[in-house]
Amino acid sequence: MTTRVDLEKWRSALDASKDLTLESVGGGEIVITHATGARMVAAWTLAPAPPDPVLHLEAAHARARHHLARLAAHDPAREVTAVMTNELFSRLTDAQPAPLTAPRGARCYTYTPRKVLRRVLDHALDHLNQIDQWLTWRRDGVVPTPTDGWVSSTETLPDDRLALLQPDLDAWLWRIDQAARLLRQRAAGLTAEELDWLPPDGGWPLRRVLHHVARSELLYSTSLDEALPSNDPRQRYAEACRRFDDAVCSAGSRDEHASVVYAGPYGVLRTPEQVIGDLLAIEGELLAGAA
């Protein structure tokens, strides 16, 4: 069975939402900032991935490694504003998310070369530990004890702005490679039942967690090489729309089989048409709050 995305079916709705979002700038930058993030999340999700989460981890790390190896070429003290916001994160990850209507602000993620390295390594270690906690929970009923010692992408530490010399980068890459290898190795030993076990508190199954780690490593690693140009909100949104349109066109020209999945940055698997529908829903929420 194959499916194709009929872009023309969605074109008028996407264009209308885009035009209204651009008009909203007169009332401030909050709506268009979140809408930029939503367009980019949709574009990222439309990149096809292997259904097997272990293969997804392997492929994502191979691509991320190219960008991580280039980090010493970037200004170590320049903090680049990413498209993701705390508010959009909550909208995408809460079990029962509130509509993203009339958000009070837009707290954006930011990255420097060292911060990218820190987040990639901490994220892999955090979820490597989660595998063992989930297995113990499933087997023995032992509720995990949070071990979060990491610092989020909205916070920048003093060390994140230090110079990144090549020997420093090489040492970071060695640690990241080892963490990525251990995570893949641990994940490869999981059964289908362990991957799909649903925690009693409604938490994520490990299959979703692993797709999330794969997507996130690539997004962290490309945050400087593929940063949106300009600090102008309209230009950033326009570029996000262009990248999303390119991703939709690619999905529309691809015969889809069971050999690929579309995983969002938080591991949820969607069809291309669901991705477009999700985007329109979020922009509709933002515009309803701005009306």
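1. A residue counts as buried when its relative accessible area is under 20%. In this predicted model, arginine 118 has a relative accessibility of 8%, so it counts as buried. You will find arginine 118 in helix α5, which covers residues 113–140.

2. What does the side chain of arginine 118 make a polar contact with? Its partner is the side chain of aspartate 160, at 2.8 Å. Leaving aside residues up to four places away in sequence, arginine 118 touches Val151, Ser152, Glu155, Leu157, Asp160 and Trp172.

3. Most residues other than glycine have a negative phi. Serine 230 is not a glycine, yet its phi is positive, at about 75 degrees. Serine 230 sits in the loop between α8 (206–221) and α9 (233–252).

4. Now to the helices. Two packed helices are described by the angle between their axes and the distance between the axes. Helix α2 (residues 30–45) packs against helix α4 (residues 86–93) with the axes 9 Å apart and an angle of about 50 degrees. That angle makes α2 oblique to α4. The crossing of α2 past α4 is right-handed.

5. Which residues meet where α2 packs on α4? From α2 come His34, Gly37, Ala38 and Val41, and from α4 come Glu87, Leu88 and Leu92. Sorted by class, this contact has four nonpolar residues, two polar ones and one charged one.

6. Helix α2 also has a contact with helix α10 (residues 272–290): their axes come within 9 Å and cross at roughly 175 degrees. An angle over 145 degrees counts as roughly antiparallel, so α2 is roughly antiparallel to α10.

7. On the α2 side of this contact are Val31, His34, Ala35, Ala38, Arg39, Ala42 and Thr45. They meet Val275, Leu279, Ile282, Glu283, Leu286 and Ala290 in α10. By class, the contact of α2 with α10 divides into nine nonpolar, two polar and two charged residues. If you are browsing α2, His34 and Ala38 are worth a look: they are among the residues that meet α4 and among those that meet α10.

Notes:
Residues numbered from 1 in each chain as written. Predicted model: local features only at pLDDT ≥ 70, side-chain atom pairs only at ≥ 80, totals over all residues. Heavy atoms only, no water. Helix = DSSP H or I, 4+ residues; strand = E, 2+ residues; numbered from the N terminus. Buried < 20%, exposed > 50% of the residue type's maximum accessible area, 1.4 Å probe, protein only. Polar contact = N/O pair within 3.5 Å; in protein donor to acceptor, adjacent residues only side chain to side chain. Contact = heavy atoms within 4.5 Å. Axes fitted to C-alpha atoms, helices over the stretch in contact; angles between N-to-C directions. Parallel < 35°, antiparallel > 145°, perpendicular 65-115°, else oblique. Left-handed = near helix turned anticlockwise from the far one by under 90°. Nonpolar A, V, L, I, M, F, W, Y, C, P; charged D, E, K, R; others polar.
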